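Work through the exercises below with the sequence and the model open. Try each task before reading its solution.

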Amino acid sequence: MNSKIIKLFLRISVASAFLSAVADRFGYWPTELSGWGNWQSFLVSTKDMNPWFPETIIPFIATIATGAEIVFAICILIGLKTELFAKLSGILLLLFAISITLSSNIKGAFDYSVFTASAAAFALSMLGEKYLELDLVLFKGK
């Protein structure tokens with residue numbers, strides 16, 4: 001397979017996973033397809049995944065994570081500093097995987113493929129050749 005196509009597939013896969021999760025917590029997915037369905041349910045899930053944090057800062061953590069997912073997804077999708085945002089995505093997903101594992105068990109992290117998604121993001125960060133990326137236009141002479 002062509003590495004450009006693989007990179008594009010990874011970009012779309014990682015970005016769409018983030019955006020799908022964000023859409024779910026804002027209620028944009030139909031109820032029967034939803035994991036959270038609304039922000040309040042997502043806050044409860046965030047608290048369950050992070051029992052070591054005081055409850056008062058859970059909304060802040062949830063908001064930061066959601067904001068990061070939106071920014072990372074958009075940057076990866078349009079190809080803006082793809083390698084950087086892919087690394088950051090890999091780290092964020094690995095933190096999610098560790099939180100799921102420590103708060104419940106490793107099976108949850110495996111079932112939700114969070115380790116796999118993290119590995120995909122890290123793999124994306126290693127593919128330096130640009131293809132259909134905004135960086136090609138913005139940093140053409142560099």
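**Exercise 1.** Decide how α2 and α3 are oriented to each other: parallel, antiparallel, perpendicular or oblique.

Solution. Step 1: take the two helices, α2 (residues 39–49) and α3 (residues 58–78). Helices here are DSSP runs of H or I with at least four residues, numbered from the N terminus. Step 2: read the geometry. The axes come within 9 Å and cross at roughly 105°. Axes are lines fitted to C-alpha atoms, for helices over the stretch in contact, and angles run from 0 to 180 degrees between N-to-C directions. Step 3: apply the cut-offs. Angles under 35 degrees are roughly parallel, over 145 roughly antiparallel, 65 to 115 roughly perpendicular, and the rest oblique. α2 and α3 are therefore roughly perpendicular to each other.

The model is predicted: local features need pLDDT of at least 70 and side-chain atom pairs count only at pLDDT 80 or more, while totals for chains, interfaces and linings use all residues. Residues are numbered from 1 along each chain as its sequence is written, and side-chain values use heavy atoms, with hydrogens and water left out.

**Exercise 2.** List which residues of α2 and α3 meet, and sort them by class.

Solution. Step 1: find the contacts, meaning heavy atoms within 4.5 Å. From α2 come Trp39, Phe42, Leu43, Thr46 and Lys47; from α3 come Ile58, Pro59, Ile61, Ala62, Thr63 and Thr66. Step 2: count by class. The contact has 7 nonpolar, 3 polar and 1 charged residues. Ala, Val, Leu, Ile, Met, Phe, Trp, Tyr, Cys and Pro count as nonpolar, Asp, Glu, Lys and Arg as charged, and the others, Gly among them, as polar.

**Exercise 3.** Is Ile76 buried or exposed, and which residues does Ile76 touch?

Solution. Step 1: locate Ile76 in helix α3. Step 2: its relative accessible area is 0%, so Ile76 is buried. Buried means under 20% relative accessible area, exposed over 50%, and partly exposed in between (1.4 Å probe, protein chains only). Step 3: leave out residues up to four places away in sequence; Ile76 then touches Arg11, Val14, Ala15, Thr82, Phe85, Ala86, Ser89 and Leu124. Step 4: compare sequence with space. Ile76 and Leu10 are 66 residues apart in sequence and 9.3 Å apart in space, C-alpha to C-alpha.

**Exercise 4.** Classify Ser118 and Ser41 by accessibility.

Solution. Step 1: Ser118 is in helix α6 (residues 114–126). At 2% relative accessibility, Ser118 is buried. Step 2: Ser41 is in α2. At 29%, Ser41 is partly exposed.
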